[in-house]
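My entries follow in the order in which I checked them.

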Amino acid sequence: MAGMAGMAGMAGMAGTAGILSRRLWRYHAGACQMRKGDLRECGTMRLKDLDTPCVVIDLDRAEANLARGQAVVAAAGLAMRPHVKTHKLPCMALRQIALGAVGVTCQKLGEAEAMADGGIGDIFVPYNILGATKLARLAALHARVVLSVTADSAQTVAGYAAAFTDPAHPLAVLVECDTGMGRCGVREADGALALARQIAAAPGLRFGGLMSYPARGQQSAADAWMAACVARIQAAGLAVPVVSLGGTPDLMAVGGLRAATEYRPGTYIYSDRMQVAFGHGTFDDCALTVRATVVSRPTPTRAVLDAGSKALAADLCSLPGHGHIPAYPQAVITSLSEEHAVVDLAPCAARPQIGEVVAVIPNHACVVSNLFDRVWLARGDAVTGAADVTSRGRLA
Ligand SMILES: Cc1ncc(COP(=O)(O)O)c(C=O)c1O
C-alpha cells in the first residue's frame, strides 16, 4: 500500500475553500513515497468537504484491483502492459509498473507524451500514426522512451519507414489484426505477413510482433487466430517477439491463452457499471465515483443531481440508466443534460433530500477520467490527496 500512500501524498491538498499550491499539486515523477509535508497539507479533509461534481478514487479498491489484475496476468506467464486510458494519471501508471507491469499502453500520441512527461519509460501506442505532424512528434517521443506502435496498412508502414531511418535505433512496429472486433486490423494471416515483411525490410523499423483487441468473450478465438498467424509468419522466416492481447472483461480468463505474450487491460484499475454488468467483479470493486449533490426534488419520485453529461459522460453502454447510486441502489438515472442528471426514485423506499451528496458509479469510468482536470484520492472517508489528470483531453 505504500505506493498508493505515496500517490496521495504527492499531490498537495488544501480545503476546497482554500488556495491550492501549484507546487504541491505538481506531480513529481518517481517520487512514489510518502512525503510528510504533503500529508500535513492534506490535513483532515473528508469526503463531505469536497465540492461537487467531482471524481473520487478509492485507493484501497484501486490497489486491490491492480494487485488482482497483475497477479492473474503474471500467473498466466504474460507480461502486463496496462492501458492508461482509464486513469490517465502518471502516478497510477508508475504504481502499475511498481507492481510488475513492463510498460504502459496509450491509445493516443498525446496521452503517450503526457505519460513520458510523467516519467514512464516504455510505451506502446497501438494506433496507426499518420501524417508529417504526428510522425515528427512520434520521432521526438522515440528519442526519449522505449516506444512501439502498430500498423494495419502499407501506407502506415511507409510513413513510419520514411520518418524512421536509423538502423541503430529502429522503431518497433507491430501489425494490428482484426480478430473479430471489426475495428482496425488486417483480417488475414497473409496480410499480416505482407506487412511484417515490409516492416522488416525498412532499415529504421523493427517488426515487433502482432497486436489485437479481441471482442468481449472472443479472447480464446482471438488467441487461436494469433497462434495461426504467428505460425504463418515464423514459417516465412520472421520472428514474432510480442503478441499483444487484452481487455478487462476477459482479464480473469487469461490463464488459457497460448499465443499471447502481453496483456493490456485498462478498466480493471477502477472498474465501472459496464464491467459489473459484464460479470467482472461487483459494485464493491468500483474505485471511481462521481460525487454529486441533489439540487432539486421537483416531485416525490424525482431527484435532480448537479452532475450531467459533462461529469458522468453520456455512454449508456446498453445499460438502463446513466450510473449506479450505491446509497439508493433502486434509483435509476433516467436522463442527462449537460449539467443535470434526472433520477427516478419511484422504486426507492428511502429517498435523498435536497442538499444531500451521493456517489455515482458511472457506466464507463474511462470517459469520466477524460472530463476532469483532477481527481481526489481517498481512503474510506478521508481525502488523502489529489492528482492532475495530465493525459485528459489529449485527443491527437
Ligand atoms: C487497443 C485497446 N487495448 C486495450 C484496451 C483496454 O480495454 P479495457 O478497458 O476493457 O480493459 C482498449 C480499450 O478501449 C483498447 O482500445
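**Entry 1: confidence**

I am working from a predicted model. I looked up the confidence first: the mean pLDDT of the protein is 91, and 89% of its residues reach 70 or more. Where pLDDT is low, the predicted coordinates should not be read in detail. I left those contacts alone.

**Entry 2: ligand shell**

Which residues are the closest to the ligand? I noted Tyr213, Gly247, Thr248, Gly266 and Thr267, out of 15 residues that surround the ligand. By class, the shell holds five nonpolar, eight polar and two charged residues.

**Entry 3: nonpolar core**

I looked up the largest nonpolar core next, and it has 106 residues. Ile57, Met115, Ile123, Val173 and Leu210 are the members with the most contacts inside it. Helix 10, residues 219-235, gives the most to this core, with six residues. In soluble globular proteins, nonpolar side chains tend to be buried together.

I picked Ile123 and listed its contacts, leaving out residues up to four places away in sequence. Ile123 touches Gly103, Val104, Cys106, Ala112, Met115, Ala116, Val145 and Leu147.

I checked helix 5, residues 90-98, for cover and found eight of its nine residues buried. The buried ones are Pro90, Cys91, Met92, Ala93, Leu94, Arg95, Gln96 and Ile97. Just after helix 5, Gly100 takes a positive phi of about 130°.

In helix 10 I looked at Ala224. Is Ala224 buried or partly exposed? Ala224 has 14 C-beta neighbours inside 10 Å, so I put it down as partly exposed, since buried needs 20 or more. I also took the C-alpha separation between Ala224 and Ala259, which is 7.1 Å for two residues 35 apart along the chain.

**Entry 4: backbone exceptions**

Most residues other than glycine have a negative phi, and most peptide bonds are trans. I looked for exceptions. The peptide bond from Thr52 to Pro53 is cis, with omega near -5°. Pro53 sits in the loop between helix 3 (36-42) and strand 1 (54-58).

Ser271 is not a glycine, yet has a positive phi of about 55°. I found Ser271 in the loop between strand 9 (262-263) and helix 11 (273-278). Ser271 counts as buried because it has 26 C-beta neighbours inside 10 Å.

Ala313 also has a positive phi, near 65°. Its loop runs between helix 12 (309-312) and strand 12 (332-336). With 23 C-beta neighbours inside 10 Å, Ala313 is likewise recorded as buried.

**Entry 5: Asp272**

I ended on Asp272, in the loop between strand 9 and helix 11. Asp272 has 30 C-beta neighbours inside 10 Å and therefore counts as buried. Which residues is Asp272 in contact with, leaving aside its neighbours within four places in sequence? I listed Thr267, Cys286, Leu288, Ile361, Pro362, Asn363, His364 and Ala365. Thr267 is also among the residues closest to the ligand. The C-alpha atoms of Asp272 and Thr282 are separated by 8.9 Å, at 10 residues apart along the chain.

Methods:
Residues numbered from 1 in each chain as written. Predicted model: local features only at pLDDT ≥ 70, side-chain atom pairs only at ≥ 80, totals over all residues. Near = placed C-beta within 6 Å. Nonpolar A, V, L, I, M, F, W, Y, C, P; charged D, E, K, R; others polar. Core = buried A, V, L, I, M, F, W, Y, C linked by C-beta atoms within 7 Å. Buried ≥ 20, exposed ≤ 12 C-beta atoms within 10 Å, placed from the backbone. Helix = DSSP H or I, 4+ residues; strand = E, 2+ residues; numbered from the N terminus. Contact = placed C-beta atoms within 7 Å. pLDDT = per-residue confidence, 0-100.
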